[in-house]
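Here are my notes for a colleague who is reading a structure of this kind for the opening time. Please keep the sequence and the model side by side while working through the points.

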Amino acid sequence: MSDAALHAFRPWRLIERRKSRQIMVGNVPVGGDAPISVQTMTNTLTTDVAATVAQVQAAAEAGADIVRVSVPDEASSKALREIVRESPVPIVADIHFHYRRGIEAAEAGAACLRINPGNIGDKTRVREVISAARDHGCSIRIGVNAGSLERHLLEKYGEPCPDAMIESGLDHIRILEDNDFREYKISCKASDVFMAAAAYQGLAEQTDAPIHLGITEAGGLVSGTIKSAIGLGNLLWMGIGDTVRVSLSADPVEEVRVGYEILKSLGLRHRGVNIISCPSCARQGFDVIATVETLEKRLEHIKTPMSLSIIGCVVNGPGEALMTDVGFTGGGNGAGMVYLAGKQSHKMTNAQMVDHIVEQVEARAAQIEAQKQAAE
């Protein structure tokens, strides 16, 4: 069922996205009515082209629409050209301190330049970066960060705060627009969830630019996921955000997975199998935790949006299965019930259930894709 049809009788699920204008990051539209894109950033040495390209490809396979690469020195600028050439997704060049890296990255084929207003230099240097972006068809992300605000704003406000971040962002929007450059998006990140959320809300009210969401330096996989889910989830629920990056001290692939899970939980993006599973208890008819862990790995290759319920017993199992494409509910005597399209179908032994569920999911995915192609 489409989101529009679902919202017709479940209006409490509807998220009205903020109206923003659309820009292009390579071939990926950002803003407007485009899907909210998912980003990550490599953590390899950019000069190690093979390692960086491998990480970009892994992120793309996990679902990343855009990947950012740090360009800290001239050698990295040179490596960027080959990385861009081999990347399956648009590459954003991350520029700090040295404005010439921005010019070099544009020349190397970057789809977007991320510049930090607090450390890129004066207006003259920013104008040179804008000129290079225009000449080479790059978009720009204005990346405001609470940890690197301009000195005069820190003196004015006394400390990093939402108002200082908003003012920084609007100042640099003005510079770009004074130079007749409109292909930009903006972020205003902080590691403090409250500060970031307040800054994003204020900025969203004062510009129609696409907004890049992120909670910067969020932490490790577990703590960072929680902070990002709270911060980004609430903003997305309010309709704010056109592209997201979850910042974790973890493999970039994990950032992509978490980003997608946040969007999937709000019905904003659909990709792959959404597994609905219980935490398990003494009533479980099979090892739920081990089964879900195995299925997550076995079903990573499925890109078709669909749902799978794995519930340990009949308390909630049949009810959850009514709402999923494929379901399995634990029973007695070493077997459980398989549900297809919400309806009870047949029994299956616990010993064979994983292989059988994978087969059923693959078959359902193929059916969905066939229906999609027939409708086109």
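1. I begin with strand S13 (residues 326-330) and strand S14 (residues 335-340), which pair in the antiparallel sense over 5 bridges; here strands are DSSP runs of E of at least two residues, helices are runs of H or I of at least four residues, and both are numbered from the N terminus. Two strands are said to pair if DSSP finds at least two bridges between them. Within this pairing, Thr-329 has Met-337 in S14 as its bridge partner.

2. Before going further, please bear in mind that this is a predicted model, in which local features need pLDDT of at least 70 and side-chain atom pairs count only at pLDDT 80 or more, while totals for chains, interfaces and linings use all residues. Residues are numbered from 1 along each chain as its sequence is written, and side-chain values use heavy atoms, with hydrogens and water left out.

3. S14 also pairs with S15, again in the antiparallel sense, over 6 bridges, and the bridge partner of Val-338 in S15 is His-346. S14 and S15 form a hairpin with 2 residues between them, and Ala-341 in the turn has a positive phi of about 55°.

4. These strands belong to an open sheet of 5 strands in the order S11-S12-S13-S14-S15, with mixed pairing. Its edge strands are strand S11 (273-277) and strand S15 (343-349), each of which pairs on one side only. From one strand to the next the twist averages 20°.

5. Helix H11 (residues 288-298) lies across S11 and strand S12 (306-311), running at about 160° to S12; axes are lines fitted to C-alpha atoms, for helices over the stretch in contact, and angles run from 0 to 180 degrees between N-to-C directions. Which residues of H11 are buried? They are Val-288, Thr-291, Val-292 and Leu-295, where buried means under 20% relative accessible area, exposed means over 50%, and partly exposed lies in between (1.4 Å probe, protein chains only). Seen down the axis of H11, these buried residues fall within an arc of 95°, so they line one face of the helix; the arc is that of the directions from the helix axis to the C-beta atoms. On the other side of H11, Ile-289 and Lys-297 are exposed. The cover over the buried residues of H11 includes S11, S12 and helix H13 (350-375), with contact meaning heavy atoms within 4.5 Å.

6. The structure holds 1 aromatic pair, formed by Phe-286 and Phe-328, which is edge-to-face with 5.3 Å centre to centre and 75° between the planes. Rings of Phe, Tyr and Trp (its six-membered ring) pair if their centres lie within 6.5 Å, and planes under 30 degrees apart count as stacked, over 60 as edge-to-face and the rest as tilted. The pair links distant parts of the chain, since Phe-286 is in the loop between S11 and H11 and Phe-328 is in strand S13, 42 residues apart. Both Phe-286 and Phe-328 are buried.

7. The other sheet to examine is an open one of 8 strands, in the order S8-S7-S6-S5-S4-S3-S10-S9, with parallel pairing. Strand S8 (184-189) and strand S9 (212-213) are its edge strands, each pairing on one side only. Strand S3 (residues 37-41) is joined to strand S10 (residues 243-245) by 3 bridges, and the two run parallel; Ser-37 stands opposite Thr-243 in S10.

8. Helix H4 (residues 99-108) lies across strand S5 (91-95) and strand S6 (112-115), running at about 165° to S5. Helix H5 (residues 123-135) lies across S6 and strand S7 (139-145), running at about 165° to S6.

9. Finally, two loop residues deserve a look. Phe-97, in the loop between S5 and H4, has a positive phi of about 70° although it is not a glycine, and Phe-97 is exposed, with a relative accessible area of 56%. Ser-247 lies in the loop between S10 and helix H10 (252-265) and is buried, with a relative accessible area of 8%.
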